[in-house]
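Work through these exercises with the model open beside you. Try each task before reading its solution.

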Amino acid sequence: MSAAKGKRVYLTWTDEMDCALLAVLVEHHNNGDHAQNGWKPHVYNAAIKNVRDKCNVEITKDNITSRCKTFDKHYEIISKILSQSGFGWDWDNNKLSIDSDDVWNRYVEGNKAAACYKTKVVKNCDAISTIYSTNHGNGEGARTGAEDAQASPEQDGDASPNLPPKRQRTGDAILCMLGDMKTSFNDALKSTEPLPMPQVTPAEILVALQMISDLDRCDMLKSYGKLILNERLFQALMELPMDMRNAWLLMLNEKISN
């Protein structure tokens, strides 16, 4: 992990280091610990400490920025692939499952950058999805996680008058929504008024559902039918940690069915 004097020093990331880094990023993502242009400084400090404690390796903020670019690229390419027919995610082997070589060859013809992902192993997809699906789903002009990390100022962004409104906490969002979600869903089905243009596409919703490893096909289809009609439900889903999403969707399906 070191180089000769005068040469650039490269860091080799191991699976253990990735897990230590992502554990911190997911925790602080769920806590809303973002400054205006990236993570708050204490998040980088916490990540550096966790990697040091768990892996006995010293990393820097620049190392984190570089690794975030890799995670962001993985999410962008894989989520785009999974939005197409004929693809799935093999959670046991941490790579794409593809219906046939013909399906893959047709896709790669128009997406050359994805060529190396046919057999690429990408671990920690649940954590990567938790962090980056929100960034990519924020609409036109949204910054990616890697761009946020690169542009992050050293000072805490809390004092800036230009900060966007503070994001609603997960618990608050769910409590506000549970009381009226059945009515909202039924009204959406009955309404003859044109629906407002959504900020989240059906393809993005489908990819997010496919990333939930223990969600079976029937429950995925039920959830998809509800989430495409209510963007607020989808936002609440994406605020939850990955290991809570399946249980929440099952509760949602049961509540709306009653």
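Predicted model: local features only at pLDDT ≥ 70, side-chain atom pairs only at ≥ 80, totals over all residues.

**Exercise 1. The whole chain**

Find how many helices and strands the chain has, and what share of its residues count as buried.

Solution. 
- Step 1: Count the elements. The chain has twelve helices and four strands.
- Step 2: Turn to burial. The chain has 258 residues, and 42% of them count as buried.
- Step 3: The accessible surface of the chain is about 14,700 Å². Carbon and sulfur atoms account for 49% of that surface.
- Step 4: Check the contacts. Take those between residues at least 6 apart in sequence: 65% of them join residues at least 24 apart.

**Exercise 2. Arg 67**

Locate Arg 67, decide whether Arg 67 is buried or exposed, and list what Arg 67 touches.

Solution. 
- Step 1: Arg 67 lies in helix α3, residues 61-82.
- Step 2: Read the accessibility. Arg 67 has a relative accessibility of 17%. Buried means under 20%. Arg 67 therefore counts as buried.
- Step 3: List the neighbours. Leaving out residues up to four places away in sequence, Arg 67 touches Trp 13, Asp 18 and Leu 21.
- Step 4: Pick out the polar contact. The side chains of Arg 67 and Asp 18 make a polar contact at 2.8 Å.

**Exercise 3. Ala 115**

Find where Ala 115 sits, and sort Ala 115 into an accessibility class.

Solution. 
- Step 1: Ala 115 is in the loop between α4 (101-110) and α5 (125-136).
- Step 2: Read the accessibility. The value for Ala 115 is 40%.
- Step 3: List the neighbours. Ala 115 touches Trp 104 and Val 108, with residues up to four places away in sequence left out.
- Step 4: Compare positions. Ala 115 and Asn 105 are ten residues apart along the chain. Their C-alpha atoms are separated by 8.9 Å.

**Exercise 4. A helix pair**

Describe how α9 and α10 cross, and which residues meet.

Solution. 
- Step 1: Two packed helices are described by the angle and the distance between their axes.
- Step 2: Apply them. The axes of α9 (residues 202-210) and α10 (residues 217-227) come within 10 Å and cross at roughly 145°.
- Step 3: The crossing of α9 and α10 is right-handed.
- Step 4: Name the residues. From α9 come Pro 202, Ile 205, Leu 206, Leu 209 and Gln 210. They meet Met 220, Ser 223, Tyr 224 and Leu 227 of α10.
- Step 5: Sort them. The contact of α9 with α10 has seven nonpolar residues, two polar and no charged.

Terms used
Residues numbered from 1 in each chain as written. Heavy atoms only, no water. Helix = DSSP H or I, 4+ residues; strand = E, 2+ residues; numbered from the N terminus. Buried < 20%, exposed > 50% of the residue type's maximum accessible area, 1.4 Å probe, protein only. Contact = heavy atoms within 4.5 Å. Axes fitted to C-alpha atoms, helices over the stretch in contact; angles between N-to-C directions. Left-handed = near helix turned anticlockwise from the far one by under 90°. Nonpolar A, V, L, I, M, F, W, Y, C, P; charged D, E, K, R; others polar. Polar contact = N/O pair within 3.5 Å; in protein donor to acceptor, adjacent residues only side chain to side chain. Areas by Shrake-Rupley, 256 points an atom, 1.4 Å probe, with all protein chains shown as cover.
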